[in-house]
Amino acid sequence: MTRIAFSRIRSGWPLALAAALLVPAFAVPPVAGAQELAAGDAVAGAKVFRKCQACHLVDVEKNKVGPHLVDIVGRPVAALEDYQYSTAMTEYAQTQPEWTEEALAAYLRKPRDVVPKTKMAFAGLKKDEDLANIIAYLKDPSAAE
Ligand code: HEC
């Protein structure tokens, strides 16, 4: 019984039908943005930065509740003379002198895990994608204009 049904299906499926089913799967263009996100996309990062902008500026060297973040990728940790960092952050600078991408990703994922007692009142970014994107944006905010 089963065997007959199978052979019927097989012989009954013209090649054209099989092709018609397969071709659209390949012809559909990749979803716009999917690739950019994986690489770290500044435009998407600008949206993530909305979570930071109550406390930080990235395009002007002016401090708010938090220090400005102009050129933060590669900038020394706790380096602004006109900003009052927490003791925790100045101590962190002894072991982590520079905001490398890795250090930023770790701090932004869970600020209090990396710098316990930091005065940055921010829970953190959970998604790898958001972290990659915000770092791309911080590196070059003009890329999102
Ligand atoms: C509620 C306010 C607030 C929010 C929201 C916030 N921050 Fe902060 N941020 C601070 C404060 C305050 C400090 C200073 C921390 C300290 O001295 O312990 C800081 C410090 C930093 C530093 C270290 C700067 C330096 O000069 O060493 C970085 C980098 C940073 N924040 C990035 C971000 C990013 C990116 C976001 C968003 C994903 C964000 N922050 C969200 C308040 C905030």
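H6 and helix H8 (residues 128-139) pack at an angle of about 125 degrees, and their axes lie 10 Å apart. Axes here are lines fitted to C-alpha atoms, for helices over the stretch in contact, and angles run from 0 to 180 degrees between N-to-C directions. H6 and H8 are therefore oblique to each other. Angles under 35 degrees count as roughly parallel, over 145 as roughly antiparallel, 65 to 115 as roughly perpendicular, and the rest as oblique. The crossing of H6 and H8 is right-handed. A crossing is right-handed if the near helix is turned clockwise from the far one by less than a right angle, and left-handed if anticlockwise.

This is a predicted model: local features need pLDDT of at least 70, side-chain atom pairs count only at pLDDT 80 or more, and totals for chains, interfaces and linings use all residues. Residues are numbered from 1 along each chain as its sequence is written.

Which residues in H6 meet H8? Glu101, Leu104, Ala105, Leu108 and Arg109 do, and in H8 they meet Leu131, Ile134 and Ile135. Two residues are in contact if their C-beta atoms, placed from the backbone, lie within 7 Å.

## Residue classes

## The ligand

Of the 28 residues around the ligand, Cys52, Cys55, Gly66, Ser86 and Met120 come nearest. A residue is near if its C-beta atom lies within 6 Å of the molecule. Helix H5 (87-95) and helix H6 (101-109) are the elements that give two or more residues to this shell.

## The whole protein

The protein has eight helices and zero strands. Helices (H or I, at least four residues) and strands (E, at least two) are DSSP runs, numbered from the N terminus. Buried residues make up 21% of the 145 residues.

Asp130 sits in helix H8. Is Asp130 buried or partly exposed? With 19 C-beta neighbours inside 10 Å, Asp130 counts as partly exposed. The cut-offs are 20 or more for buried, 12 or fewer for exposed, and in between for partly exposed. The C-alpha atoms of Asp130 and Val48 are separated by 6.5 Å, though the two are 82 residues apart along the chain.
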